[in-house]
Amino acid sequence: MKRDYNRMQKEALDNRIRMKMNEGNGSLYSEKEKQRFSMTDQGRRCLMLCIFMVAALILSILLVANVLAQDYSIAFTAQYAIRRVKDVVDLLSGNFVGSAIDRFMYQFFSAVLAGIALSVAGACFQGVFQNPMASPTMLGIQSGGTLGGTVYVMFFYTPMLSTVLAAGSPDAFQMYLVEYQAMTLFQKFGQYFFTLGGCVAVVFIVLLMAKIAGHGRISTVPLMVGGTIFSSCVANIVNLLQYYLSVTEADSSITETVQSLQTGTFEPITQSFMMLSFLVTAMVPLIFAMAGTHKLNVFTFGEEEARAMGISVRNTRIYYVIISTLLTASVIAFAGNINFLGLIVPHLARMIVGNDFKYLVPASAFLGGIFMLAAWDVCYMINFAVNTGMIVSMAGSAIFMVFMIRYRRQGHADWA
């Protein structure tokens with residue numbers, strides 16, 4: 001009897017242990033499922049930024065108007081929004097739209113795309129060089145792209161003579177389309193490739209100087225100083241070229257194109273082919289930038305730790321330099337030079353989502369799109385859209401000064 005009682009107790013104990021293990025496995029499985037389908041705080045903030053950016057884009061298309069051209073009021077806003085909705089519906093349904101809503105939408109989309117591209121480029125540069133000052137502006141890449149685009153415009157650009165002759169006529173835009181469709185591929189994409197060549201040349205020279213000064217390693221101070229020096233030199237060369245155009249009384253379309261490269265404007269993006277070209281040249285490197293954000297996190301531990309973790313520092317750095325240069329070149333070729341956006345936006349995004357590049361890069365993209373769209377909205381409303389890049393550069397430089405003073409007071413040596 002005692003032996004049977006002990007056996008029954010052992011079986012009962014085994015059953016209780018088995019039940020506990022099953023409960024533990026079930027709870028462990030449920031925890032894994034929760035982690036799989038749940039979203040972190042950083043992920044929620046990125047999603048909120050994305051939703052806000054899309055909502056801001058829709059509201060901008062429907063509500064933003066030139067306040068200087070008409071009596072802007074609540075009644076006008078309502079009528080304007082209704083008219084915009086009808087135009088968008090007609091455009092999507094394939095009906096003829098006389099209000100040029102397509103050109104209007106292209107410029108808003110291109111403003112968002114430019115903000116995304118420059119902000120992601122800045123975040124990648126700051127991550128791969130581990131320097132909060134790194135950006136397309138500070139490394140001189142944007143200046144090199146501007147010089148390359150200016151060289152193309154001066155020596156290889158084909159002016160749209162029909163557009164110049166038809167200025168002020170109702171058929172100007174149709175004649176422009178005819179001229180554009182008749183252009184060769186080199187004439188359509190030559191400016192992009194010359195801009196890309198200028199960006200690549202400057203970043204190669206600056207990195208080479210920093211490596212020589214750092215005795216085989218990329219030294220931070222020569223990197224920033226070299227980029228600043230090249231930016232200044234290139235700016236002077238472009239100014240000399242502009243002076244040459246004014247003295248020789250060159251074609252007005254050439255002069256305006258060179259000015260748009262320097263000031264940054266989305267006015268030239270007037271048709272679907274140009275918008276699609278801008279989208280492809282920016283989205284392809286953007287996808288590659290998003291795909292390798294985990295490697296940027298490894299860089300935060302230093303180059304030696306990155307090598308110990310199996311990361312090729314040299315190849316990863318070259319990879320992100322190429323990706324960021326392509327993003328910068330696409331913006332300069334299609335929208336012009338927009339300074340300081342790639343420097344400031346990643347710092348603002350870091351305040352929202354932290355230092356994890358898995359969230360920092362997409363947050364920088366969404367925040368850059370919002371920042372650029374807000375600037376475009378303000379400039380369009382006051383009839384100053386042709387100088388959007390200038391306004392962004394001024395605002396970015398002011399924010400940069402605030403950041404520099406703040407971080408310097410906190411004792412950050414890398415902002416010295």
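**Aromatic pairs and helical architecture in a predicted model**

Y192, F193, F278 and F334 are joined into a cluster by ring pairs. The structure described here is a predicted model, and its protein chain holds 17 helices and zero strands. The following paragraphs consider the overall chain, then the aromatic pairs, the cysteines and one threonine.

The protein chain has 416 residues, of which 45% count as buried. Its accessible surface amounts to about 21,700 Å², and carbon and sulfur atoms account for 66% of that area. When contacts between residues at least 6 apart in sequence are considered, 76% of them join residues at least 24 apart.

The mean pLDDT of the protein chain is 77, and 77% of the residues reach 70 or more. Helix α16, which spans residues 357–381, has the highest confidence, at a mean of 90, whereas helix α6, which spans residues 161–165, has the lowest, at a mean of 44. The pLDDT is below 50 over residues 161–168, and this stretch has ten contacts in the model beyond near neighbours in sequence.

A pair of aromatic rings is described by the distance of the centres and the angle of the planes. Nine aromatic pairs were counted in the model. In the pair formed by Y152 and F194, the ring centres are 5.5 Å apart and the planes stand at 45°. An angle under 30 degrees would count as stacked and one over 60 as edge-to-face, so the pair of Y152 and F194 is tilted. Y152 belongs to helix α5 (residues 141–155) and F194 to helix α8 (residues 185–213), and the pair therefore ties together parts that are 42 residues apart in sequence. The two partners also fall into separate accessibility classes: Y152 is buried, at 2% relative accessibility, while F194 is partly exposed, at 25%.

The cysteines were examined in turn. A disulfide is a covalent bond between the sulfur atoms of two cysteines. The count of disulfides in the model is zero. Among the cysteines, C233 is partly exposed, with a relative accessible area of 40%, whereas C379 is buried, at 1% relative accessibility.

A polar atom of the T328 side chain lies 2.8 Å from the backbone oxygen of S324. With neighbours within four places in sequence left aside, the contacts of T328 are with L118, A121, P136, I141 and Q142.

Conventions: Residues numbered from 1 in each chain as written. Predicted model: local features only at pLDDT ≥ 70, side-chain atom pairs only at ≥ 80, totals over all residues. Heavy atoms only, no water. Phe/Tyr/Trp six-rings, centres within 6.5 Å; stacked < 30°, edge-to-face > 60°. Helix = DSSP H or I, 4+ residues; strand = E, 2+ residues; numbered from the N terminus. Buried < 20%, exposed > 50% of the residue type's maximum accessible area, 1.4 Å probe, protein only. Disulfide = S-S within 2.5 Å. Polar contact = N/O pair within 3.5 Å; in protein donor to acceptor, adjacent residues only side chain to side chain. Contact = heavy atoms within 4.5 Å. Areas by Shrake-Rupley, 256 points an atom, 1.4 Å probe, with all protein chains shown as cover. pLDDT = per-residue confidence, 0-100.
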